[in-house]
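Visitor: I'd like to learn how to read a model like this one, feature by feature. Can you take me through it?

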Amino acid sequence: MSLLRTRAAVAPLRRRLDDALTALPAVDALVAVERPEEPMHCLRPAAIAEAASGFVAGFPGEVLYAVKCNPEPAVLRAIWAGGVRHFDCASANEVALVRSMFPEAGIHFMHPIKARGAIRTAWGEHGVQDFVLDSAAELDKILAETGAGAAEGLGLFIRLGLPKGTAMLDLSGKFGAEPEEAAELLRAARPHAARLGLCFHVGSQMMDPLAWRQAMALAGEVIEAAGVPVEVVDVGGGFPVAYPGIEPPPLGAFFAEIEASFEALDLPGAVLWAEPGRALVAGGGSVVVQVQGRRGRDLYLNDGVYGALSDAGVPGFTFPVRLIRPEGPRASVPEEDFVFFGPTCDSADRMKGPFPLPADVREGDWIEIGQLGAYGACLRTAFNGFDRARLVEVRDRPMLECDRHRWNGRRRESHDRTKLRQAA
Ligand SMILES: *Cc1c(COP(=O)(O)O)cnc(C)c1O
């Protein structure tokens with residue numbers, strides 16, 4: 001993040017969002033002018049604001065943006081512009097960043113095992129009142145470091161562990177109390193809490209709305225066993241987005257499942273919270289990489305799994321791709337499937353795709369890789385010296401669109417080809 005903030009940025013980054021929405025350059029025009037030899041991260045603030053406002057309008061409760069998913073200040077501004085006023089933070093740095101940008105924001109410290117100093121500064125300096133825990137030890141830690149309780153407005157949230165699910169990125173193994181322990185923690189926390197909540201996280205890119213129904217049912221059992229009232233049920237994040245060949249149900253199907261299963265619990269006075277990350281920002285980011293070498297179907301790029309393409313490595317996500325060649329492609333060329341390699345010397349720096357591109361792709365070409373607004377640039381490392389990149393804001397639409405909560409599957413590439421043909 002510090003790198004992202006200190007490196008050179010083109011002028012549009014400094015503009016206010018409403019100017020940015022109308023006056024931003026297009027990706028292709030930027031590539032034609034800049035001919036970037038380093039990865040160029042392209043943010044689409046309008047797309048992020050739109051996804052955020054769609055989620056806020058559709059979700060039957062409060063929406064907290066999961067900052068870890070993309071903490072770039074320009075992203076946070078777009079999230080705010082979309083109407084999100086609450087942020088799920090997991091570290092002292094995330095808390096300080098959000099507070100520095102939005103004095104009025106609700107900040108919620110949703111990491112179950114926190115540094116003592118982080119709790120102290122969050123409570124004492126940044127006005128954070130809500131803290132997650134999944135153990136009695138963490139409850140003691142929070143009470144000791146805040147020195148607060150119900151009278152001071154302390155909010156305590158018990159993270160319930162879930163059985164291993166079917167999310168593309170399973171997160172069940174690390175955090176969360178077993179049901180019995182969670183019930184005990186609810187009872188133990190109740191006297192200290194002005195707000196008591198139960199939260200869970202079904203795993204990232206969860207394609208099945210029923211996962212929330214099952215988790216909600218378990219949450220209901222835990223709350224009943226605890227025998228104390230709760231004010232919040234927080235259904236976490238994990239809401240899916242489209243990737244090539246992956247077509248999630250519309251978000252509305254998830255919201256309907258969550259609302260119905262929550263109402264079935266019949267918890268008087270309780271409200272719903274959600275912590276989406278990916279669903280708000282995935283479409284709002286892409287990276288433009290340059291081809292530095294080609295061997296058969298293998299393309300050697302200037303970015304890889306130690307850069308913004310971590311999820312294209314071992315997790316094996318495929319991302320939408322399109323060729324950018326400012327002088328225009330040669331006469332229509334059929335597509336072939338390519339494998340990508342990143343610039344580091346590690347043989348693990350390989351992305352199997354497959355990534356379909358025109359068969360004549362060659363050294364010097366640029367490739368835009370889309371749906372990278374979530375868990376892309378923020379996972380970059382400086383390994384092997386490849387830590388340089390630029391950040392620009394652009395006016396392009398996401399490379400895969402979910403229009404009005406409906407996937408339409410249209411690849412931007414075909415649109416671009418039309419444009420290029422007209423220009424030729
Ligand atoms: C990562 C995380 C999120 C966001 O998950 P997405 O899959 O990006 O929506 C929300 N809540 C918790 C507790 C998380 O760890």
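Predicted model: local features only at pLDDT ≥ 70, side-chain atom pairs only at ≥ 80, totals over all residues.

Visitor: How many helices and strands does the protein chain have?

Guide: Helices (H or I, at least four residues) and strands (E, at least two) are DSSP runs, numbered from the N terminus. Here the protein chain has 13 helices and 18 strands.

Visitor: And what share of the residues is buried?

Guide: Buried means under 20% relative accessible area, exposed over 50%, and partly exposed in between (1.4 Å probe, protein chains only). Of the 424 residues in the protein chain, 55% are buried.

Visitor: Which residues of helix 6 are buried, and what covers them?

Guide: Helix 6 spans residues 92-101, and its buried residues are Glu94, Val95, Leu97, Val98 and Arg99. Their cover includes helix 5 (73-81), strand 3 (86-89), strand 4 (106-109) and helix 7 (116-126). Cover here goes by contact, meaning heavy atoms within 4.5 Å.

Visitor: On to the ligand. How many residues surround it, and which are the closest?

Guide: A residue is near a molecule if one of its heavy atoms lies within 4 Å of it. The ligand has 13 residues around it, the closest being Lys68, Ser204, Gly238, Glu275 and Tyr375. That shell divides into 3 nonpolar, 5 polar and 5 charged residues. The sorting goes like this: Ala, Val, Leu, Ile, Met, Phe, Trp, Tyr, Cys and Pro are nonpolar, Asp, Glu, Lys and Arg are charged, and the others, Gly among them, are polar.

Visitor: Which side chains have an N or O atom by an oxygen atom of the ligand?

Guide: A polar contact is a pair of N or O atoms within 3.5 Å; within protein, one must be able to donate a hydrogen and the other to accept it, and residues adjacent in sequence count only if both atoms are side-chain atoms. For the ligand, an oxygen atom lies 2.4 Å from an N or O atom in the side chain of serine 204. For tyrosine 375 the distance is 2.6 Å, and for lysine 68 it is 2.8 Å. The protein covers 91% of the 390 Å² of accessible area that the ligand has on its own. Such areas come from the Shrake-Rupley method with a 1.4 Å probe; for residues, only the protein chains shown count as cover.

Visitor: What does UniProt list for Lys68?

Guide: In an unreviewed entry, UniProt lists Lys68 under "modified residue: N6-(pyridoxal phosphate)lysine". UniProt positions are given in the numbering used here, feature names are shortened, and annotations may be inferred rather than shown by experiment. In the model, lysine 68 lies in the loop between strand 2 (62-66) and helix 5. Its relative accessible area is 45%, so lysine 68 is partly exposed. Leaving aside neighbours within four places in sequence, lysine 68 is in contact with Glu94, Tyr375 and Cys378.

Visitor: What about a helix residue, say serine 261?

Guide: Serine 261 lies in helix 11 (residues 251-265). The side chain of serine 261 reaches the backbone oxygen of glutamate 257 at 2.8 Å. A polar atom of that side chain also lies 3.2 Å from the backbone oxygen of isoleucine 258.

Visitor: Last one: what should I look for in the backbone?

Guide: Most residues other than glycine have a negative phi, and most peptide bonds are trans. Arginine 35 has a positive phi near 40 degrees, and aspartate 266 has one of about 50 degrees. The peptide bond from glycine 353 to proline 354 is cis, with omega near 5 degrees. Proline 354 lies in strand 14 (residues 350-358).

Technical notes. Residues numbered from 1 in each chain as written. Heavy atoms only, no water.
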